[in-house]
Amino acid sequence: MFNYCPSCASTNINFEDAHVFRCPDCGFVYYHNTAAATALIVDTGDSIMFVRRGKEPARGKLDFPGGFVNPQEGAVDGLLRECREELGWTPHRSSLTLFASFPNVYPYKNIVYNTCDLFFSVRLDGPPEKTESLFRLEKQEIMSVVFAGYDKINLDEIAFDSVRAAVSLYIQKLK
Ligand SMILES: [Zn+2]
């Protein structure tokens, strides 16, 4: 991820265990630690809601609302902020359940981030139109929302391995 040491510009650099950058010439050390990210599974009783990504990586593929947790922010606060930004709507804090966590790899502008994705779920009963009417989408981030029936979810259309894993587990637990 670096070609030179950011501190002394040495090219004599090491990258250990895929996340520790160490410069033997000046002693500079940088830990490219796992980043926390959140995602929300909206369950309408017979379908799961996805958002179609409006930007890279995986533009056009299906994802959940959510994103990186900011410094000094809790996971639930981060999720509520992302929902507010992306959907113009937030679930009630007390209605959220932590469902599962999976690792993910997120390449963004030449840097690969390893994330720890936290999947929360919320149940919103009623037809998809009723849920969708709550939203004001952030159009640069999200093309549209997609409600997929429990038995009609195409895993190949999903953007990331972590989301695929969460969807598979969620559907399996319904049975
Ligand atoms: Zn150095």
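Predicted model: local features only at pLDDT ≥ 70, side-chain atom pairs only at ≥ 80, totals over all residues.
Taken along the principal axes, the box filled by the C-alpha atoms is roughly 60 × 30 × 30 Å. Of the 175 residues in the chain, 25% are buried, and among the contacts with a separation of 6 or more, 56% are accounted for by residues 24 or more positions apart.

An open sheet is formed by three strands in the order 1-2-3, with antiparallel pairing. Its edges are strand 1 (14-16) and strand 3 (29-31), each of which pairs on one side only, and the twist from one strand to the next averages 15°. Between strand 1 and strand 2 (residues 20-22), the antiparallel pairing extends over three bridges, and Phe-15 is placed opposite Phe-21 of strand 2.

Trp-89 lies in the loop that connects helix 1 (75-87) with strand 8 (97-108). When its neighbours within four places in sequence are left aside, the residues in contact with Trp-89 are Cys-83, Leu-134 and Phe-135. Trp-89 and Leu-137, although 48 residues apart in sequence, are separated in space by 8.9 Å from C-alpha to C-alpha.

Technical notes
Residues numbered from 1 in each chain as written. Pairing = 2+ DSSP bridges. Helix = DSSP H or I, 4+ residues; strand = E, 2+ residues; numbered from the N terminus. Axes fitted to C-alpha atoms, helices over the stretch in contact; angles between N-to-C directions. Contact = placed C-beta atoms within 7 Å. Buried ≥ 20, exposed ≤ 12 C-beta atoms within 10 Å, placed from the backbone.
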